[in-house]
Amino acid sequence: MARERTLARRRAAVLTAATAALALAGPAPAWAAPTGPTGPTGPAGPAAPPASAPAASAPEASTPADSPQPTGPLRPDAAAAPEAAGPDAATEPDAAAGPDAAGLLRVGAGLPRGHDVSSHQKRVDWAAARARGARFAYIKATESTDYRNPYFPGQYTGAREAGLIRGAYHFARPDRSSGARQAAYFVRHGGDWRADGWTLPPALDIEYNPYDARHKCYGLGRNRMVRWIRSFSDEIKRETGRRPVIYTTAQWWRLCTGNSRAFSSTHALWIARHGTSRPGTLPGGWRYWTFWQYGTKGRLPGDQNLFNGSLSRLRVLARGR
């Protein structure tokens, strides 16, 4: 996602984001099944940071319990008719969508479009974004336990006022403090959730270390990383009643968690993979993606995303049932 710290490297290419978390009946659409190669390539992780969201979103300044919901990944509603996503949403190619832009349009036709932003986008024209087809957004709130996006209040409120379903995300720094401590900080500074139909579950952006290419996994072994993510998730669950959406790339998840399957049945996946017509093979036992960050540039401010279902299913995810 969008990087913000001046000296930090451009973040890893894409958060592998969210596989849904409510078991919905019906066969999964063909485009939801894992196909093709895995996420972003490159020895050092994601390429250029998405202009605005969870992929390696470093700080923007130089200083910086299980709820009563069905278990299992949220499954797209294959039978639901696609709902309009705004003017020419299914026909206008996105900039930087890659060489398979035409295939992407076929795969994503009719799916709700969204974007993720951070302090890099500053004051977003949300009304214009909605007119361009945006139906949801994720906004960076915090990083570690000492950074807050200074534009978050205006961005979060502005998205809601423009009629977008929106949520907040936290950029993980497993090398700085425990998962539980960072989750608590996140909830206090924008990562809370309410069942109002407009608030998406809190999201955890966990990916390549943008500050140290030699320690892509933040100095944690695979077992410790899985425990860190579980600690973060448990605290989010305790405080909000929801499990967080997990944003990551297939490559990072394999490298840093050993492709752990510990979260696929209870956490929605936000997969990050850019410049392709499909999200590729999913990590860690996830059978479906919930969100797909497919590009860093396009018609919307920040990174470009799709939701794997109809607009009504997106509202179900926001309501938590």
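In strand E10, Gln304 is the bridge partner of Gly295, and this pairing belongs to the antiparallel arrangement in which strand E9 (residues 291–295) and E10 are joined over 4 bridges. The model described here is a predicted one, and its protein chain holds 7 helices and 10 strands. Of the 321 residues in that chain, 60% are buried, while the accessible surface comes to about 11,700 Å², with 52% of it belonging to carbon and sulfur atoms.

- Strand E10 spans residues 303–307 and is mostly covered, since 5 of its 5 residues are buried.
- The cover extends to both faces of E10, with Asp303, Asn305 and Phe307 buried on one side and Gln304 and Leu306 buried on the other.

- The axes of helix H5 (residues 222–240) and helix H6 come within 7 Å of each other and cross at roughly 115 degrees.
- On the H5 side the contact is made by Arg222, Met225, Val226 and Ile229, and on the H6 side by Trp252, Trp253, Arg254, Leu255, Cys256 and Thr257.
- By residue class, the contact of H5 with H6 divides into 7 nonpolar, 1 polar and 2 charged residues.
- Ser260 lies in the loop between helix H6 (250–257) and strand E8 (269–272), and, residues up to four places away in sequence being left aside, Ser260 touches Val226, Trp253 and Gly284.
- Ser260 counts as buried because its relative accessible area is 12%, which is below the 20% cut-off for that class.

- Most residues other than glycine have a negative phi.
- Lys122, although not a glycine, has a positive phi of about 55 degrees, and Lys122 is placed in the loop between E2 and helix H2 (126–131).
- Lys122 has a relative accessible area of 44% and is therefore classed as partly exposed, a class that runs between the buried limit of 20% and the exposed limit of 50%.
- Ser144, likewise not a glycine, has a positive phi of about 50 degrees, and Ser144 is found in the loop between strand E3 (134–143) and strand E4 (147–148).
- Ser144 is buried, with a relative accessible area of 2%.

Key: Residues are numbered from 1 along each chain as its sequence is written. This is a predicted model: local features need pLDDT of at least 70, side-chain atom pairs count only at pLDDT 80 or more; totals for chains, interfaces and linings use all residues. Side-chain values use heavy atoms; hydrogens and water are left out. Helices (H or I, at least four residues) and strands (E, at least two) are DSSP runs, numbered from the N terminus. Buried means under 20% relative accessible area, exposed over 50%, partly exposed in between (1.4 Å probe, protein chains only). Accessible areas come from the Shrake-Rupley method with a 1.4 Å probe; for residues, only the protein chains shown count as cover. Two strands pair if DSSP finds at least two bridges between them. Contact means heavy atoms within 4.5 Å. Axes are lines fitted to C-alpha atoms, for helices over the stretch in contact, and angles run from 0 to 180 degrees between N-to-C directions. Ala, Val, Leu, Ile, Met, Phe, Trp, Tyr, Cys and Pro count as nonpolar, Asp, Glu, Lys and Arg as charged, and the others, Gly among them, as polar.
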